[in-house]
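Work through the exercises below with the structure open beside you. Try each task before reading its solution.

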Amino acid sequence: MNSQTTKVLSLLVGAILIATLPFWAGDQYQLHLAALIAVYWILIAGLNLVVGFTGQLSIGHVGLLSIGSYTFAILAGKMGVDPTLSVFVSGLLGGLCGLALGLPSLRLPGFYFAMATMAFSMIVNEIVLAQVDLTGGGIGLPGPMFPKPFDSPIGFYYLVTAIALFVTWLTWNIARRMWGRAFISIRDNPVAAQAVGVPVFKAKLLAFVFSGITAGVSGAVFASLQSYITPDTFVFELSMFFFVCIIIGGRGSIIGPFLGTVVLTALPELVSPLAKLGNFFYGLLLLVVVLVVPEGIGRMFEIISERLRPRIVHREPITPDLNRLAKALKGHE
Amino acid sequence: MLTVIVTGLAIGMLYASIALVYNVMFSTSKVLSVTTGHLSMVGGVFGAYIISVLQMHWLWGLLGAVLAGATFGWLTDVLAIRRVLARSDEHLWLLSTLALATMVQQGVGLWWGTEPKPFPRLITQEFGAGLMDQKFWLPIGMAIVMTIGLEFFYRKTMYGKVFIAMSEDAFAARARGVSTDKIRLLSYVLSGALGGLAGFAAGQLTFAFFALGHTLTLLGFIALAVGGLGSNIGALIGGAALGLLNSFASYYFGGEYQQTIAVGLLMVVLLIKPEGLLGAKNVRPV
Amino acid sequence: MLRLTKLAVRLSLATALVVSATSTIAADTIKIGWLSSLTGALSSAAIAENQGVQLAVDEINKSGGILGRQIELLTRDTAGDPTKAVNFAQQLAFSDKVHFVIGPVNSGEGLAAVPILARAGVPNLVIGAIDELIDPVKYPRAFRVINTNRQWISTANDYAIKVLKKSKVAVIADTSGYGTASAKTAIEMLEKAGIKPVYSVLVDNNKTDLTDEMNKARAAGADVVMPWTAATGMLGRLLNARGEIGWNVPVVGHPAIMAAQIRQLLNKPEYWQNAYAAGYVSTTFSADGKLPERTQQLVDKIRPKLGGGEIDILFWWVAMGYDTVKIIEHAIKTAGSTDAAALQKVLENTRDYRGVYATYSWSTTERNGFPDSNMAVNQANTFKDGSFKLAPR
């Protein structure tokens, strides 16, 4: 079986599993987990373009998630706007905030940029707590449900899965084509990229704004899934979690971070001692991955499979045909 | 009014000390570690633990804080920096130091508890001492002592000169026989000790609180960015500016927008003069 | 090779999920879910309540269980995180299929988890105080065991206005869900009594120095300070600030003002004077130094579990935890089954059920079980063995 067939087959099996999940999932709790994975993946798919492809280490994306969630809760909940329209507005606002954050910070070197995004998430938290009339402050806001048929858990699961698949398709297209290559070149060597003519700043900004839009949309459905949002939900550790999912999955791929998201969301639920360690575990995992396999766990599988079944490299030694060479040289005289 | 200024200066000097720590780390490794704020946190927590819980004299607490910071600095180099710098990937150290910082923060939180616990008095003094209270002049004094100490270190001692050599051109230093790995390790241990010391001195202001790490990393960084990377005097100026701004804003507008204002300052400075007030312009030949 | 490995990972993950789902065998135990923030914010309250819950469960199981079935307590540490509270509520309701859920402790987590439990139809004993957690229509199976926030606030307000005869109130609360809600309610109730607060502020409960806020309150002419926060750290700092600026204003408010942890946080022991808090008849010493009989019995029972010496936590937390399990026992015994609808009916018809912490009554329209008559005002620095003396009248 060549790699193309296995790739298609595994994607097909995966698609069937995802589509029929509500029926084999066991109970509503696992359906809830699956929907949560889909919601996180909407944000992480966009963030993947920023962190995994363009190499901009944004550790403050929880701020954009928060903006998306609160926008949705305020519009669809307090003001009674149609939830579908609210999702669009949340995405739009997320993109705008991404633009506002990205314009000044993307020109800065790596650490400065990371700190700027961290500071952004802290500012969002402060504003949410301070604007009590708008956001309910510490009390929080209820997350409104979508209209039929998406108000049941199964319906909602299909809604977020559909959105997640759409976002995945978008990122896959971007990654495959011109912009994807541009992003990777910026990550690996910005000077060379600029020398070849890649519009570095524009590309970074594009990726960042796109990730803002996906974060906004993700925030909107997150609010609906959680049915209630408070400032306690949007802590810095959640940003770390998104980040770790991408790094573990492997930068530069889309399937990798997706698997990373699935594993990291499901793991603490299945293995409850890990849940107590919580963020310590995420930090430890990130450290181990960065030190041992910085390309991600996908690479680790490759290394293991190399050890188990090494590729047979066909050597074609090149021996010069001396007679022919001599004749060719003589022929010139 | 005077209280506002003194409080601002005191907390600002803590930020300045952290900026000094950044400078020491950066000089030899060109790395800005996310663990910097956590060094101070560790210093404060261990100091409080030794004095309050183990009931020992505050000199032991000081020693403990410095040792804890130095150990943590050593760990940062060994775990997060050494292997990572060997690879050519530019920003991996950001991830590794972030990971280590999170681990230490959560670890301390699990052990020490999640509530800010009061830091004990170091010198017996009445609590109503007002402006002359030690919680104000301890961090200010410590920052000044650290700056003078570092200047002396850089100018008069051999190791200091080696640090400067490495910060100017690491390859040339190595070509001249300087063991860059060992010097880098030394600089991390030193910066860890300084960080622990700063956290210990400012403990009465910040309380022994496990979640201080990320906040101090960020605010110390703002002090550094405002003052200019690489300049110790700049660190003091940046820290003072940030502390005073925080204090005044919190007095007039209430404590709700503290982070917003601090970051506002950062953004303004970075937009106008990205290398900070006293920093050197980073020109790189391509 | 890589693709196949990824396929293998996917399949094994899926299988693991399915296996874990179907492996929850329905044993013949009575399952009680306990959503507790044993780590993180408000962990001191949760840990104390946990002691009471565990004691009651052990006691009941030793004497044969409820209707012959043993109690299985499923404790889930939410660590103060509403997302975890939501996930665990979902897990307890759908995966573990518990018969009753106690908690969550924090109001922020409660706001997120209570609707989920209501949607699942699981009976829920609420131990958070803010008003929004209870609604006979939206959450028909949620019954509150703790007093309501309004009861705390009105008790404190009455004491400040009618007994201490103060009229210029400063309200200081924290930025948490509880603090924000309480400040709003407190100001509303004061205004109903004809008093407009001269100063009110919300403070982050990790802010290390409250001197600014106390100075501003003094400058506004306040003659009583009413703090509404459950964070003992912040209350300690508030009392320190009051002492350091030399302002002998009475402090009347949340029961946490009396918590034993405050003793270590105070710079001087006299800073705890002139402080009063809303408390309970069940944990108040009578004039001749005796606790109510049921409280004393529980104190004696639980003392060995708490270390044998003096009790240094607020005892009403322990008593309330103990009562929640006893209420569940009462409900299941009276209903004769663990059917959720039957349990709801029984609780709705409960009148004057005598617990240790209080005597509870619920009805079809009233889901707050704590009676006004069980409230009291205690003096803060009279803490002894978990209970207090009555404040002077």
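The exercises that follow concern a predicted model.

**Exercise 1. Give the strand order of the open sheet in chain C, and explain which sides lack a neighbour.**

Solution. 
- Write down the order. The 5 strands of this open sheet in chain C run E2-E1-E3-E4-E5, with parallel pairing.
- Find the edges. E2 and E5 (142–144) of chain C each have a single partner strand, so one side of each is left without a neighbour in the sheet.
- From one strand to the next, it averages 25°.
- Check one end of the order. E1 (residues 30–36) of chain C runs parallel to E2(C), and 7 bridges join them. C:Leu35 has C:Arg76 in E2(C) as its bridge partner.
- Check the other end. E4 (residues 124–126) of chain C and E5(C) pair in the parallel sense over 3 bridges. Here C:Leu125 has C:Phe143 in E5(C) as its bridge partner.
- Return to E2 (residues 71–77) of chain C. This strand is mostly covered, with 5 of its 7 residues buried.

**Exercise 2. Which residues of helix H12 of chain C are buried, and what do they pack against?**

Solution. 
- List the buried residues of H12 (residues 340–348) of chain C. They are C:Ala340, C:Leu343, C:Gln344, C:Val346, C:Leu347 and C:Glu348.
- Recall the helix geometry. An α-helix has 3.6 residues a turn, so residues three or four places apart point the same way.
- Identify the partners. The buried residues of H12(C) pack against E3 (100–102), E5 and helix H11 (315–335) of chain C.

**Exercise 3. Is A:Pro144 buried or exposed?**

Solution. 
- Locate the residue. A:Pro144 sits in the loop between strand E1 (141–142) and helix H8 (153–176) of chain A.
- Apply the cut-off. Buried means under 20% relative accessible area. A:Pro144 has 15% relative accessibility, so A:Pro144 counts as buried.
- Look for contacts beyond four places in sequence. A:Pro144 touches A:Phe72, A:Ala73, A:Ala76, A:Gly77 and A:Ser224.
- Take one of these. A:Phe72 is 72 residues from A:Pro144 along the chain, and their C-alpha atoms are separated by 8.2 Å.

**Exercise 4. Describe the contact between chain A and chain B.**

Solution. 
- Count the residues. Chain A gives 36 residues and chain B gives 44 residues.
- State the area. The two chains bury about 3,600 Å² between them, 78% of it on carbon and sulfur atoms.
- Name the main contributors in chain A. A:Phe111, A:Tyr112 and A:Leu291 lose the most area to chain B, together 19% of what that side buries.

How values were computed:
Residues are numbered from 1 along each chain as its sequence is written. Chains are lettered from A and ligands numbered from 1 in the order in which they are written. This is a predicted model: local features need pLDDT of at least 70, side-chain atom pairs count only at pLDDT 80 or more; totals for chains, interfaces and linings use all residues. Side-chain values use heavy atoms; hydrogens and water are left out. Buried means under 20% relative accessible area, exposed over 50%, partly exposed in between (1.4 Å probe, protein chains only). Helices (H or I, at least four residues) and strands (E, at least two) are DSSP runs, numbered from the N terminus. Two strands pair if DSSP finds at least two bridges between them. Axes are lines fitted to C-alpha atoms, for helices over the stretch in contact, and angles run from 0 to 180 degrees between N-to-C directions. Contact means heavy atoms within 4.5 Å. Buried area is the accessible area (1.4 Å probe) that two parts lose on being put together, summed over both.
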